[in-house]
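Hi,

Here is the structure I promised to pass on. Have a look first, and my notes on what turned up follow below.

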Amino acid sequence: MELLEKRIEQDGTVIGTDILKVDSFLNHQIDVALLREMGREWKRLYEGEKITKILTIEASGIALACLAAEEFEVPVVFAKKSQSRNVVGEVLRTRVASFTHGCVYDVVVSKKYLNPDDRVLIIDDFLANGAALCGLCDLVRQAGATVVGCGIAIEKAFQPGGDDLRKLGIRIESLARIAAMDEKTGITFVH
Ligand code: 5GP
């Protein structure tokens, strides 16, 4: 998606060779108009699929998922990173290794928000090693629901997550795919 690639080139900051900061439009300050266009693009890509729910993970996925949900006209469910007291009743639980924080944490979703007849689109901001998406797919599997596919804003294609998940037969639509990046030489996209 050219609009997103241009924005990454213009406002993204590369740290080392594997972290991209996009705080000015996606991860801290949010450009809602850009996210709306991204939601429209996923809607176009998944046209004809009967999506009944969008699943994401807190916190950065939520805004993206909500703008996409406006296009699909379905609810958003976000996996919570710890079981706070206000998640009552039975929960689905899985473990996710955090790429950015270097730790492993539990994520939970209340059983009542994912049902066996749900056809789920998973949305997230980044795809690196694939741990977040694997965890979200596992929650859908535990619910007996169907993963229709994933919508990713930025895939770092030089990291293994995207290829690993596609090999498992999971459809992944990434709006920007980075082939390589470096603080000094900048960012190259996969086209
Ligand atoms: P994975 O689970 O695929 O290894 O990493 C994906 C998760 O880690 C995303 O939910 C995202 O929050 C975070 N992440 C991975 N790489 C980056 C990055 O380069 N920049 C930012 N801002 N977040 C990242």
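Asp138 and Arg141 sit three residues apart in helix 5 (residues 131-143), which means about one helical turn separates them. Helices here are DSSP runs of H or I with at least four residues, strands are E runs of at least two, and both are numbered from the N terminus. The two side chains form a salt bridge, with the closest N and O atoms 2.5 Å apart. By salt bridge I mean a side-chain nitrogen of Lys or Arg within 4 Å of a carboxyl oxygen of Asp or Glu. Arg141 counts as exposed because its relative accessibility is 57%. For that label, exposed is over 50% relative accessible area, buried is under 20%, and partly exposed is in between (1.4 Å probe, protein chains only).

Before you read on: this is a predicted model, where local features need pLDDT of at least 70, side-chain atom pairs count only at pLDDT 80 or more, and totals for chains, interfaces and linings use all residues. Residues are numbered from 1 along each chain as its sequence is written, and side-chain values use heavy atoms, with hydrogens and water left out.

Back to the charged pairs. Arg166 and Glu155 also meet in a salt bridge, at 2.8 Å from N to O. Arg166 belongs to helix 6 (residues 161-167) and Glu155 to strand 8 (residues 146-156), so this pair ties together parts 11 residues apart in sequence. Arg166 is partly exposed at 28%, whereas Glu155 is buried, with a relative accessible area of 1%.

Within it, the Arg7 and Asp31 side chains come to 2.6 Å, N to O. That pair links distant parts of the chain, 24 residues apart: Arg7 is in helix 1 (residues 2-11), and Asp31 is in the loop between helix 2 (23-27) and helix 3 (32-45). Asp31 is partly exposed, at 21% relative accessibility. Searching the whole structure gives 16 salt bridges.

As for the overall fold, the protein chain has six helices and 10 strands. Its C-alpha trace spans about 50 × 35 × 35 Å along the principal axes. Of the 191 residues, 45% are buried. Among contacts (heavy atoms within 4.5 Å) with a separation of 6 or more, 61% are between residues 24 or more positions apart.

Cheers
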